[in-house]
Amino acid sequence: MSDKILEWLEKNQEKFIKISDEIWGYAELGLFEKKSSRLLADTLADIGFTIKMGVADMPTAFVASYGTEDPIIAILGEYDALPGLSQATEPVKRPIEEGAPGHGCGHNLFGAACLAACLAVKKAIESGEVKGTIRFYGTPAEENADGKGWMINAGVFDDVDISLTWHPWDVNFVIANNFQAMYNVVFRFKGQTAHAAGDPFNGRSALDAVELMNVGCNYLREHMIPDARIHYVITKGGQAPNIVPDDAEVWYYVRAPTLKDVKALYPRVLKVAEGAALMTETEVDVILLGGSANLLPNETLEDLLHKKMEVVGPSQYTEEELKFARQIRKTFPKNFFDNTLATLPQEARPFFEQFRDKEFCDVICPIFGRGITLGGSTDVGDVSWVTPLAQFATACGTIGTPGHSWQAVAQNGMSIGHKGMINAAKILSLAAIELLQNPELVEKARKEFKEKIKKTPFESPLPDGAKPPIDYYKNLYKQ
Ligand SMILES: [Zn+2]
């Protein structure tokens with residue numbers, strides 16, 4: 001049956017490439033992926049999936065389901081873009097529309113590959129060769145609001161047996177390493193305006209509060225665990241020097257290796273904010289935009305994904321694609337390869353040396369990184385605490401392509417990205433079908449999951465009753 005599935009995906013690839021390119025063209029920001037989510041949901045509805053649109057108070061979140069039997073396999077698809085990264089599919093920087101969003105994280109490929117896999121698995125269920133239910137989880141706003149966390153709190157993952165997903169990368173590997181748990185939060189200070197020279201004594205500066213908050217957090221760094229990370233941008237700081245700003249805002253990411261660590265650090269950041277408000281006689285409003293957990297690994301599923309990656313193999317590239325890669329690499333920072341190596345787990349670095357002079361990853365990497373936490377966060381982590389989950393990456397760009405860059409946008413909209421996407425669809429399909437064929441494997445993955453959860457139960461980083469930050473982003477993005 002595997003051969004039939006691979007053949008079907010191969011034969012239908014133009015259809016999925018078209019969907020990916022459409023989403024790439026829409027380049028919609030998180031929580032506002034209206035056309036992208038609609039395209040995916042309509043395609044699934046057209047072939048017989050039942051759709052629940054707008055779940056968890058997010059209009060662009062949805063669940064598409066096919067089948068009535070157990071087990072229930074979820075494939076998680078993302079489709080949000082990033083601000084300011086508009087770029088044509090060219091190896092030189094050329095925005096299609098200056099300042100407009102672009103798919104710098106390849107979520108266009110991400111969503112389309114998951115859709116293709118769901119369609120392939122549906123075909124297998126329909127033919128009666130396997131039994132079970134396949135679901136596409138349309139998970140919005142990975143980049144800005146941790147859409148999956150809100151979906152978990154709304155209970156839409158409650159009956160899922162196994163979750164699978166992937167991510168575009170520049171190499172082919174099972175993502176066995178951990179990522180950091182995180183809070184995504186805005187502090188908005190309100191003060192009292194005044195003439196900055198005429199009667200400054202009547203003013204209470206919200207900008208002072210922002211600055212003091214940042215100073216406080218920079219002192220806090222010395223007294224937090226070394227692997228934690230705090231970073232911020234000032235998103236509002238006043239209008240003119242001669243007006244005491246009564247409204248200022250700073251946007252923070254607070255990260256640490258585990259949910260427990262970040263839950264210990266976050267209240268300390270809140271205290272700093274309160275302290276800054278107290279010092280400046282301003283008021284602070286805390287706007288929680290999201291929060292995500294670290295990943296709970298599932299080695300049973302990681303091994304399964306690795307096996308399927310070996311079956312599918314790496315992409316082959318044309319002379320034209322190699323030429324494109326050589327050209328775009330000229331725009332990378334000078335030491336880009338060494339810089340990339342430095343982000344990898346120590347144990348993986350000797351293996352990665354082989355890519356130093358290559359345009360593309362031409363192998364399936366062995367599993368590495370188990371037990372190691374890399375910088376960065378993902379809301380996929382949250383799902384790993386409520387269902388057994390594993391994910392992998394396929395090469396969708398030339399080696400060393402910086403994340404969230406115009407170079408990534410360019411490749412995610414052309415054949416280099418498409419190849420990684422079709423491979424991902426094949427791997428997801430083969431893995432899901434094996435799970436549907438083999439109940440003992442589902443049981444093994446679930447047993448591993450249950451044992452881990454028993455030791456450390458999940459507590460959502462998102463407080464009970466909190467709602468997705470749609471109004472905040474509506475305002476920010478002028479939607
Ligand atoms: Zn991403």
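This note walks through a few features of the structure above, point by point.

1. A word on the basis. This is a predicted model, where local features need pLDDT of at least 70, side-chain atom pairs count only at pLDDT 80 or more, and totals for chains, interfaces and linings use all residues. Residues are numbered from 1 along each chain as its sequence is written, and side-chain values use heavy atoms, with hydrogens and water left out.

2. Overall build. The protein has 16 helices and 13 strands; these are DSSP runs numbered from the N terminus, with helices being H or I of at least four residues and strands E of at least two. The C-alpha trace spans about 80 × 50 × 45 Å along its principal axes. For 479 residues, a compact globule would have a radius of gyration near 23 Å, and the protein agrees because its own value is 23 Å. That radius is taken over C-alpha atoms, and the globule rule is 2.2 Å times the number of residues to the power 0.38.

3. Of the 479 residues, 59% count as buried (buried is under 20% relative accessible area, exposed is over 50%, and partly exposed is in between, with a 1.4 Å probe and protein chains only). Contact means heavy atoms within 4.5 Å. Among contacts between residues at least 6 apart in sequence, 80% join residues at least 24 apart.

4. Helix 4 and what follows. Helix 4 covers residues 107–126, and its 20 residues reach 28 Å from first C-alpha to last, close to the 28 Å expected (the expected span is 1.5 Å times one less than the number of residues). Helix 4 is mostly covered, with 18 of its 20 residues buried. After helix 4 comes Gly-128, with a positive phi near 85°. Gly-128 sits in the loop between helix 4 and strand 4 (133–138), and Gly-128 counts as exposed because its relative accessibility is 55%. Its C-alpha is 15 Å from that of Asn-438, 310 residues away in sequence.

5. Gly-381, for contrast. This glycine belongs to helix 12 (residues 380–384) and counts as buried, at 0% relative accessibility. Leaving aside residues up to four places away in sequence, Gly-381 touches Ala-293, Asn-294 and Leu-295. Met-309 is 72 residues away along the chain, and its C-alpha is 22 Å from that of Gly-381.

6. Backbone spots to look at. The peptide bond from Asp-70 to Pro-71 is cis, with omega near -5°; Pro-71 lies in the loop between strand 2 (62–66) and strand 3 (72–77). Glu-281 is a non-glycine residue with a positive phi, near 55°, in the loop between helix 7 (259–280) and strand 11 (283–292). Glu-281 is exposed, with a relative accessible area of 56%. His-404 also has a positive phi near 55°, and is found in the loop between strand 13 (389–395) and helix 13 (406–412). At 40% relative accessibility, His-404 is partly exposed.
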